[in-house]
Amino acid sequence: MKNVKLTIIALISMFAIFPLFTHAITTDTGIELSEEEYNNFLKMHTHEYIMTMTQKDYEKLSNIDYSNIISETKYYETTYNPSLKLTTEKEITEEEYENFHSISPILNSDGTSIETTAKKLNMVLAGATNWNFVTVTTTWKSIPATRSFDVIGSRGIGLEYREGSQEGAQIYTTGGSIKRVSYAWNGTNIKKFDNGFGISMNIVNDNITSLQAEIDFDVASTIAHPTVLASYQHAVAEVSLANSQNYTLEGGLGNVFTYPYSISQKYDGMSGVALYY
């Protein structure tokens, strides 16, 4: 009995000196995360993003103050009628979004199909002394039938965007594996302005079961109470890369993108999100 007690005491002493350290998850890119890290990262990004993040992503997320975060989330259901070239939208609740079931496209009398989809648009800002870190993520509840150049971006009021911080990713699942298409701050798919930027993403044509579009960037305030706005615009008709980038940041679609009318009617016009701080 004495030996058993001594063994237990020795084990307790050993754990006190060498505490157990477990990892909650290992990403698909081989990065090991503690449970605390994983839960913190989920405040800024989705599980799919975390699973495909790079070492650079990890290092940036590791330096964020997770006690100083604000966010805004909207859920939208949109229906596109190609005969009328008309999109109707309604804001829905989180519960309605989660319970949304994709319906096979309804045929008009002329044989064209009406498509109804649901999307979640989320923006998160992590405050810091100088540059604030912002992420914007669109998550599709159903996979879109039309796949061309969708556009996701941000417009700021009273904000400076840090050059080189603007990045994006299209994240999707195919064959049970999570894949990522990355968009660099200086790539051909990005268009930048002093008051924001947009990234055109050609939606993959693979057989996919999940789809997200994401951007992140750093901003600094130039006035007392700035505003950061974000928008995701889905192409409901074929759009070239050049036409998808034929916009200014003055309001317009999602309160971010202003297109010529001939191009704007090819996008669903989904409302955006905004953070005031």
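**View 1. The buried face of helix 4 in a predicted model.** In helix 4 (residues 55-62), Asp57, Tyr58 and Leu61 are buried, where buried means under 20% relative accessible area, exposed over 50% and partly exposed in between, with a 1.4 Å probe and protein chains only. Seen down the helix axis, these buried residues fall within an arc of 100 degrees, so they line one face of helix 4; the arc is that of the directions from the helix axis to the C-beta atoms. The buried residues pack against strand 2 (32-33), helix 2 (35-41), helix 3 (47-52), strand 7 (132-140) and strand 11 (177-183), and contact here means heavy atoms within 4.5 Å. Helices (H or I, at least four residues) and strands (E, at least two) are DSSP runs, numbered from the N terminus. This is a predicted model, in which local features need pLDDT of at least 70 and side-chain atom pairs count only at pLDDT 80 or more, while totals for chains, interfaces and linings use all residues. Residues are numbered from 1 along each chain as its sequence is written, and side-chain values use heavy atoms, with hydrogens and water left out.

**View 2. The largest nonpolar core.** Of the 30 residues in the largest nonpolar core, Met123, Val136, Ile215, Phe217, Val228 and Tyr232 touch the most other members; such a core is a set of buried Ala, Val, Leu, Ile, Met, Phe, Trp, Tyr and Cys residues joined through side-chain atoms within 4.5 Å. At least two residues of this core are supplied by each of strand 6 (113-126), strand 7, strand 9 (159-161), strand 13 (196-202), strand 14 (210-221), strand 15 (227-233) and strand 18 (273-276), and the largest share, 5 residues, comes from strand 14. Apart from this core lies another, of 20 residues, among them Tyr38, Phe41, Tyr49 and Met53. In soluble globular proteins, nonpolar side chains tend to be buried together. Isoleucine 215, with residues up to four places away in sequence not counted, touches Val134, Thr135, Val136, Ile152, Gly153, Ser154, Glu167, Gly168, Phe197, Ile199 and Met201.

**View 3. Strand 7 and its pairing with strand 14.** Strand 7 pairs with strand 14 in the antiparallel sense over 8 bridges, pairing being assigned if DSSP finds at least two bridges between two strands. Within this pair, threonine 138 stands opposite alanine 213 in strand 14.

**View 4. The loops on either side of strand 7.** Alanine 128 has its place in the loop between strand 6 and strand 7 and is partly exposed, with a relative accessible area of 45%. The C-alpha atoms of alanine 128 and valine 219, which are 91 residues apart along the chain, are separated by 9.9 Å. Serine 148, by contrast, is buried, with a relative accessible area of 1%, and its place is in the loop between strand 7 and strand 8 (149-157). Leaving aside neighbours within four places in sequence, serine 148 is in contact with Met201, Asn202, Ile203, Ala235, Ala237, Glu238 and Val239.

**View 5. The hairpin of strand 16 and strand 17.** Strand 16 (residues 248-253) and strand 17 (residues 257-258) pair in the antiparallel sense over 3 bridges, with leucine 253 standing opposite phenylalanine 257 in strand 17. The hairpin has 3 residues between the strands, and glycine 254 takes a positive phi near 65 degrees. Asparagine 255, found in the loop between the two strands, has a positive phi of about 65 degrees although it is not a glycine. Most residues other than glycine have a negative phi. At 39% relative accessibility, asparagine 255 counts as partly exposed, whereas leucine 253 is buried, with a relative accessible area of 16%. Not counting residues up to four places away in sequence, leucine 253 touches Ser231, Gln233, Tyr259, Ser264, Tyr267 and Gly269.

View 6. The protein chain averages a pLDDT of 88, and 87% of the residues score at least 70; pLDDT is the predictor's confidence in each residue, from 0 to 100. Over residues 4-21 pLDDT stays under 50, and the model has 2 contacts beyond four places in sequence for them. Over residues 104-111 pLDDT also stays under 50, and here the model has 11 contacts beyond four places in sequence.
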